[in-house]
Amino acid sequence: MRTVEALLVSLMLQWDMRFKMEDAGLASRGEARQHISNTAKFYLGSRFAKHWWTLQTSGWDGTPMIEVAGPIVDGIDENFLADYMDNLRIEPPTPQQEQVKK
């Protein structure tokens, strides 16, 4: 759990850096939003991760993190990662497929 939490913390720090870049005029809010949209489901697409997120939000109240990332994370299916991994499975080749390769 600590290893997974470390990954989640590093993701939030990455997102926070996007907001700092926005404050410095180096990136736009839209770019931060797009980055969060692209990464959130792969890190927060499980029941554990979504629960972890809810425990972090009070420390980010009133910040762009909650304003931007909050609705994105809230919209993630908690079964996303399990479904995604299931879809990555490749069935072993049938004997007929093996024969065609030769």
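Which helices do the buried residues of H3 pack against? The buried residues of H3 are packed against helix H1 (2–23), helix H2 (29–44) and helix H4 (64–74). This is a predicted model, in which local features need pLDDT of at least 70, side-chain atom pairs count only at pLDDT 80 or more, and totals for chains, interfaces and linings use all residues. Residues are numbered from 1 along each chain as its sequence is written, and side-chain values use heavy atoms, with hydrogens and water left out.

**Terms**
- Buried means under 20% relative accessible area, exposed over 50%, and partly exposed in between (1.4 Å probe, protein chains only).
- Helices (H or I, at least four residues) are DSSP runs numbered from the N terminus.
- Contact means heavy atoms within 4.5 Å.

**Helix H3**
- Ala49, Lys50, Trp52 and Trp53 are buried in H3, which covers residues 47–56.
- Seen down the axis of H3, these buried residues fall within an arc of 155° (taken from the directions from the helix axis to the C-beta atoms), so they line one face of the helix.
- The exposed residues Arg47 and Leu55 lie on the face of H3 turned away from its buried side.

**Helix H1**
- The buried residues of H1 are Leu8, Leu11, Met12, Trp15, Asp16 and Phe19.
- Viewed down the axis of H1, they fall within an arc of 135°, so they line one face of the helix.
- An α-helix has 3.6 residues a turn, so residues three or four places apart point the same way.
- Arg2, Thr3 and Leu13 are exposed on the other side of H1.
- H2, H3 and H4 are included in what covers the buried residues of H1.
- Gly25, which follows H1, has a positive phi near 80°.

Note on methods. Helix = DSSP H or I, 4+ residues; strand = E, 2+ residues; numbered from the N terminus.
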